[in-house]
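Hi,

Here is the structure I promised to pass on. Have a look at it first, then read my notes below.

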Amino acid sequence: MKELIYKIVEGYEPTLDEMEKILSLNEEDAEVLFKAADEVKKRYFGNEVHIRGIIEFSSYCRADCYYCGLRCSNRSLPRYRMDKDEIIECAKEAVDAGYRSLVLQSGEDLYYTKEILGEIVERIKEYSDVAITLSIGERSFEEYEYLKEKGADRFLMKHETADESLYNSLHPHSSFKNRIGCLKNLKTLGYQVGSGFMIGLPGQTLRTVAKDIMLLKELDVDMAGIGPFIPHKDTPLGKYDAGSAFLTVKAVALTRILLKRPHLPATTALGVLNTKYKDKVFFAGANVIMQKVEPHKYRRLYEIYPKDIKFEKSIREERMDLENYLLSLGLKISDSRGDALKI
Ligand code: SAH
């Protein structure tokens, strides 16, 4: 197995069968995989972690994803929208607290027209050359194009699962083909593109996870978020088990040794599970972490999945806490925007 792992590090493209074998390694044997992934990560990023601030600016959503608490059919969730000025103020505060990279994320909320979003992007960019990532779901080519012209740098949209029929059964409002089409449009327009998927969706197999990783490769992503599925009680998947933290970290590590350069976050969902893998993932390929920066009154309402509400501190204090935590693990904090590494 060690031989296969290092062959991949040197550029060999494994078969799906070989990938499945790697994903089924036990805890002891997986250490070789984690070590190889850590070496590849260090080669590209050293020991640096990029901290990205995320502003979850609206919990309204027209989509009906079976796993997500924001789905339009969930009537028990109070919804909120931040207005333009509030979003811009929040972004400025984050920039002042040291963030050089911000993600603007929401449900699929068409209240925010391209003009509104464009003005938000433009005004944040006037304040600072902070990198702006949008994560607002499926829109037209023309809207993506407009937002790119207004200054958006990156776009995050996970493919969620590479199993087309599983995808279509979990997303009644859209289709796998449309999702992939959007990702390709974003790439064509010159965005730095992030995709990713969930571990542990009901119906997923190790074969699916292997295909998920190959799809990331095919899409030539600049970033990939790989996180465990967490059940939310007010969704159709509320009674299923959460995804495995261990398998999540193996998937991150395999992605790192195969794709090498993409930014790979220690996902928030992995943190929610709160196992030893929450820290371990930084030594198995991950080099990014996201921290919520929107006002606390909104955070509890952006309930994709259930999570603890932390003691309320300022954006600056929370950033300091996170930095200290990462430093205590022996990691360094990057002071760059963390743009995509092109080979
Ligand atoms: N509306 C945007 C942003 C979606 S929320 C979009 O369509 O891209 C961001 C991510 O949260 C999703 O891509 C999904 O992978 C993740 N997510 C949603 N529900 C989840 C759950 N129950 N458990 C784990 N991750 C979930």
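The largest pocket is lined by 27 residues, and those nearest its centre are Thr268, Lys278, Met290, Gln291 and Lys310. A pocket here is an open set of points on a 1 Å grid over the protein atoms alone, with protein on both sides within 12 Å along at least five of seven lines, while a cavity is a set where a 1.4 Å probe fits but cannot get out; lining residues have an atom within 4 Å of a point. Helix H11, strand E7, helix H13 (296-299) and helix H14 (315-328) each give two or more residues to this pocket's lining. About 970 Å³ of space lies in the pocket, a volume being the space filled by probe spheres set on the points.

Before going on: this is a predicted model, where local features need pLDDT of at least 70 and side-chain atom pairs count only at pLDDT 80 or more, but totals for chains, interfaces and linings use all residues. Residues are numbered from 1 along each chain as its sequence is written, and side-chain values use heavy atoms, with hydrogens and water left out.

Now, the cavity. The structure holds 1 cavity of 30 Å³ or more, and the largest cavity has a volume of about 1000 Å³. Its lining counts 49 residues, with Gln105, Ser135, Lys158, Glu160 and Ile304 nearest the centre. Among the elements that give two or more residues are strand E1 (48-58), strand E2 (101-106) and strand E6 (223-228). E6 gives the most, with 5 residues. By class, this lining has 26 nonpolar, 14 polar and 9 charged residues.

And where does the ligand sit? The ligand is in the largest cavity, which by the rule used means that more than half of its atoms lie within 2 Å of the cavity's grid points. Around the ligand are 16 residues, the closest being Tyr67, Ser106, Glu160, Ile230 and Ile304; "around" means a heavy atom within 4 Å.

A backbone N or O atom of Tyr67 is 2.9 Å from a ligand nitrogen, and one of Ile230 is 2.7 Å from a ligand nitrogen. Glu160 instead uses a polar side-chain atom, 2.6 Å from a ligand oxygen.

Cheers

Key. A polar contact is a pair of N or O atoms within 3.5 Å; within protein, one must be able to donate a hydrogen and the other to accept it, and residues adjacent in sequence count only if both atoms are side-chain atoms. Helices (H or I, at least four residues) and strands (E, at least two) are DSSP runs, numbered from the N terminus. Ala, Val, Leu, Ile, Met, Phe, Trp, Tyr, Cys and Pro count as nonpolar, Asp, Glu, Lys and Arg as charged, and the others, Gly among them, as polar.
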